[in-house]
Amino acid sequence: MKAPALRARLTQLAAQHLRRRRRTVSAADGAAACEVLVDGERRINFCGNDYLGLKTHPALVRAMSESAAITGAGSGASHLVTGHGREHDLLEAELAQFTGRERALLFSTGYMANLAAVSCLAERDSLIVMDRLSHASLIDAAHLSGGTLKRFAHADAQAAGVMLRHAAAGAGLLVTDGVFSMDGDLAPLPQLAQLATEADACLIVDDAHGLGVMGARGRGCLEHFNLDSDAVPILVGTLGKAFGCFGAFIAGDEDYIEWLLQTGRSYIYTTALPQPLAAAARAALRVATDESWRRERVLALAARLRAGAAQAGVPLLPSPSPIQPVVLGDSARALQVSEILFAAGFWVAAIRPPTVPRGSARLRITLSAAHSEQQVDALLEALAAALRAAPEEPHAAA
């Protein structure tokens, strides 16, 4: 496609209120971790994924700096050439212990981890049964794997079971997010685990938004539902959300992780994560474990937001996580409310198709342990006013 056609497509996106805008973010001097400069203007960030407020924690910054002084800024090669260092080894062992698995394998991004998690298990005759709202990286992984993808209605375990009955013995994969990134709700993992067992299928859970937050010790959705590695053999996690760093991992039994190391194209054919990032992630695991108040605080703030929203008549999707969406339906209205909030000092991104289904554009509010009660209350007041200032249009289409 040549430039004139691309230009026309971009114009069409803008007319549909679907063109995205990239903002430049920098630190705000003397501000709390949740306050940033957005294109030079100070705002309270209510749309990031730093759930535990660890991104700027001194222990993480210090670990990264000290490691960089020894190992340098980059790893210099892929893990299987010369890029795998001591910090990688230590982090993988600590992630395996944290998640209760035999072994873990580091990836540069969650996208790459999901590509490997699905493609290394799927065969040409595999049936991949996936929640319709699973992350885009899981959907892409299924398409690239060569297996047959079928998507069931969101969180509908019964529908998943019907689809799994068509899989040959041992050739089925059941795939889902743990916490859904745009809705904030949890997958029905106990039911899905039972279905996978009955169908001799492998259950893969991407718990990027659950690890560090959900569960009595922050071990994620599997701890929340008391599910072990027999129930959920493959766990994908990220280091770039609750743990405030960068990178991702897959945790599972010894044989599966070794198979990933030998065959995972998105692991083999890329430069290894820099060791200073691995050192920071190790510090994040320690802080998240030692400072459990962070997990308790962010969930308490989510509960406070929900209680205040109910009193103010602000419609929130049901969610027990730090992700609290306000579905507005129309993309233009979502953008308008987001801009009103931005002018009032709050950064809450408008999420529109194709990230969410057509007709379900929304504000995706996210809480952090770095937020204060006063900031949450002020956001609610501003949000209620913004919704009044931008009333829903009759028969509006996203």
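In the predicted model, helix α8 (residues 189-198) has a set of buried residues made up of L189, L192, A193, L195 and A196. These residues span an arc of only 160° around the helix axis and therefore lie on the same side of α8. Such an arrangement follows from helix geometry: with 3.6 residues a turn, residues three or four places apart point the same way. The face of α8 turned away from the buried side carries T197 and E198, both exposed. The cover over the buried residues of α8 includes strands β6 (148-152), β7 (172-177) and β8 (202-206), together with helices α7 (157-164) and α9 (221-224). Just after α8, D200 adopts a positive phi of about 55°.

Within a sheet, strands pair through backbone hydrogen bonds, either parallel or antiparallel. Strand β2 (residues 35-38) and β3 run antiparallel and are joined by four bridges. L37 stands opposite R42 in β3.

Three aromatic pairs are present in the structure. In one of them, F46 and F346 are tilted, with 6.3 Å centre to centre and 45° between the planes. This pair links distant parts of the chain, since F46 lies in the loop between β3 (41-45) and α2 (58-71) and F346 in strand β12 (residues 346-347), 300 residues apart. F46 is buried, its relative accessible area being 0%. F346 has a relative accessibility of 6% and, because buried means under 20%, also counts as buried.

Another pair is formed by F98 and F243, whose ring centres are 5.7 Å apart. The planes of F98 and F243 stand at 80°, so this pair is edge-to-face. F98 belongs to helix α4 (residues 86-99), whereas F243 is in the loop between β9 (234-238) and β10 (248-252); the pair therefore ties together parts that are 145 residues apart in sequence. Both F98 and F243 are buried.

How values were computed. Residues are numbered from 1 along each chain as its sequence is written. This is a predicted model: local features need pLDDT of at least 70, side-chain atom pairs count only at pLDDT 80 or more; totals for chains, interfaces and linings use all residues. Side-chain values use heavy atoms; hydrogens and water are left out. Rings of Phe, Tyr and Trp (its six-membered ring) pair if their centres lie within 6.5 Å; planes under 30 degrees apart count as stacked, over 60 as edge-to-face and the rest as tilted. Helices (H or I, at least four residues) and strands (E, at least two) are DSSP runs, numbered from the N terminus. Buried means under 20% relative accessible area, exposed over 50%, partly exposed in between (1.4 Å probe, protein chains only). Two strands pair if DSSP finds at least two bridges between them. The arc is that of the directions from the helix axis to the C-beta atoms. Contact means heavy atoms within 4.5 Å.
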